[in-house]
Amino acid sequence: MDARRQDDIEVKPGIFIPAQDLSESFVRASGPGGQNVNKVATAVQLRFQLSANTTLPQDVKSRLARLAGSRLTLAGEILIQADRFRTQERNREDALERLLDLVRRAFERPKPRKATRPTKGSKERRLAAKKQRGDVKKMRGRVFD
């Protein structure tokens, strides 16, 4: 792993994202801001070069790609659009925080499912419920004299 630089972003202790893997651009936003949204580019598009990243473990990168879903581009970038706030600075913080939240969630390993069998009691209760339901339906039939 590379040595940590001053402008790198720490995800969790000992794990960081290099600043060169991130790029941001500003676009005009919709939403709150009145006339300001027509004049000033306050929305942020934060791009994280997932395919070029060397600091995250491979299993975390694959989970991150799955979590990113439609935010992952064909070029291997995660694109986060933030236009919730009226100022560029707040939108930058929001986009970065959302990216870090996504990366932190990718660090959580999924708990493996343990196969279990239904208990004898649960099988009996299920069959009894099916029998009772069948009897109810049978009672709805025609009445013969």
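**Entry 1: Glu77 and Arg47.** I looked up the side chains of Glu77 and Arg47 and found that they form a salt bridge, with a distance of 2.9 Å from N to O. This pair connects distant parts of the chain, since 30 residues separate Glu77 in strand E5 (residues 77-82) from Arg47 in strand E4 (residues 43-49). I note that the model is a predicted one. I then checked accessibility for both partners. Glu77 has a relative accessible area of 12% and is therefore buried, the limit being under 20%. Arg47, at 25%, is partly exposed.

**Entry 2: the whole structure.** I asked how many salt bridges a search of the whole structure finds. The search returns 10 salt bridges.

**Entry 3: Glu89 and Arg92.** I recorded a salt bridge between the side chains of Glu89 and Arg92, at 3.7 Å from N to O. Both residues belong to helix H3 (residues 88-107), where they are 3 residues apart, about one turn of the helix. Glu89 is partly exposed, with a relative accessible area of 43%. Arg92 is also partly exposed, at 34%.

**Entry 4: Asp135 and Lys131.** I found Asp135 in a salt bridge with Lys131, and the closest N and O atoms are 3.7 Å apart. Helix H4 (residues 120-139) holds both residues, with a spacing of 4 residues, about one turn of the helix. Asp135 is partly exposed, its relative accessible area being 34%. Lys131 has a relative accessibility of 53% and so counts as exposed, for which the limit is over 50%.

Key:
Residues are numbered from 1 along each chain as its sequence is written. This is a predicted model: local features need pLDDT of at least 70, side-chain atom pairs count only at pLDDT 80 or more; totals for chains, interfaces and linings use all residues. Side-chain values use heavy atoms; hydrogens and water are left out. A salt bridge is a side-chain nitrogen of Lys or Arg within 4 Å of a carboxyl oxygen of Asp or Glu. Helices (H or I, at least four residues) and strands (E, at least two) are DSSP runs, numbered from the N terminus. Buried means under 20% relative accessible area, exposed over 50%, partly exposed in between (1.4 Å probe, protein chains only).
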